[in-house]
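Please read the following note alongside the structure.

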Amino acid sequence: MDLRNYPRREYAIEQFTQARCFELAGERFSFIMDSGSDVVLDVTGRDTCAYSVLGAEPTETAYLCLKADDDTYLFTYELRDSPHRASHTWVIDRAQRLVTLLTCTRGLNPRFPYMVKSEYDFGAIEEEGKELPFVRHCFTGESLGTTVQWQWSTSLVTQHAYLEPGYYRITWPPDSAAVSFETFEDLLPSTDEPARYVKIKDHMFLFVLTEEHMERHATGKSPFRSNNMAFIQNYDRMVHVGRTFGTLRRDGADSDIFILFGAFGSPVTLSEEFLNRKNPFTV
């Protein structure tokens, strides 16, 4: 077999995704959330779990799980009992007995039905005989000013600039597969999109972006219909693991997307012009 010329998809954010994690199978978690909406999560098998909020009857669903380090997990599933398409994505931090919940819902915006709304909740893991931790994962500006090049596949490379508390900016080198696929610069004045940054522990962050401007200002012209992407970024190992939730247009038809992804990172120097240009979506 000619491995050098072996055919691979040029644009594939999941090619370097690590193997799914199944080691939480059989575990039962009680998450005490700051919002008061406590959750019991039963991981009933390698692919299935049951969640219940505020003591309601459990709802069974399929889940996906990846590890960000030896004791930090990204655990995600779609909600079966929501009137709109929705998902939970948990950062389960067993070392500190902390959790962060990202809830994403599509269909709440009457003008832009594909728009994904993101909500955050912080909490702790209850364990018998132990007091609850009082510290929490938290929104942070600690990673601002960082620029990273992410290698998603053998041909797909993107470059992120984390410049503002509520936004990020993306570009790519000229030999990346993204050059021929991405349409940001043709459709919008800038690649800035809404983002949030959550500190999980030293050198680890939950970074969440939503392709909101692409949907709001270029409705239907891009293959990306307000996707939400949640990354756990591990700067010790220079890797990220994550999932995307939203809508993708393929061959003129819109379809749901809910997949895992991963990439390897390296520091990158970007031009001052790129870094210093104004975000046109803010005052």
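1. In which strand is the place of Arg 196? Arg 196 belongs to strand 13; strands are DSSP runs (E, at least two residues), numbered from the N terminus. The model is a predicted one, in which local features need pLDDT of at least 70, side-chain atom pairs count only at pLDDT 80 or more, and totals for chains, interfaces and linings use all residues. Residues are numbered from 1 along each chain as its sequence is written, and side-chain values use heavy atoms, with hydrogens and water left out.

2. Arg 196 has a relative accessibility of 34% and therefore counts as partly exposed; buried means under 20% relative accessible area, exposed over 50%, and partly exposed in between (1.4 Å probe, protein chains only). Leaving aside residues up to four places away in sequence, Arg 196 touches Tyr 120, Phe 139, Pro 165, Leu 206, Phe 207 and Val 208, where contact means heavy atoms within 4.5 Å.

3. Arg 196 also lies over the face of Tyr 120, at 5.8 Å from the ring centre. A charge sits over a ring if NZ of Lys or CZ of Arg is within 6 Å of the ring centre and within 35 degrees of the ring normal. Arg 169 lies over the face of Phe 274, at 5.8 Å from the ring centre.

4. The structure holds 18 aromatic pairs. Rings of Phe, Tyr and Trp (its six-membered ring) pair if their centres lie within 6.5 Å; planes under 30 degrees apart count as stacked, over 60 as edge-to-face and the rest as tilted. One of the pairs, Trp 152 with Phe 231, is edge-to-face, at 6.0 Å centre to centre and 70° between the planes. This pair links distant parts of the chain, 79 residues apart: Trp 152 is in the loop between strand 10 (146-151) and strand 11 (157-164), and Phe 231 is in strand 15 (residues 224-234). Both Trp 152 and Phe 231 are buried.

5. The ring centres of Tyr 162 and Tyr 197 are 5.9 Å apart and their planes stand at 80°, so this pair is edge-to-face. Tyr 162 is in strand 11 and Tyr 197 in strand 13 (residues 193-201), so the pair ties together parts that are 35 residues apart in sequence. Tyr 162 and Tyr 197 are both buried. One aromatic cluster is formed by Trp 152, Tyr 162, Tyr 168, Tyr 197, Phe 207, Phe 231 and Phe 261.

Key
Helices (H or I, at least four residues) and strands (E, at least two) are DSSP runs, numbered from the N terminus.
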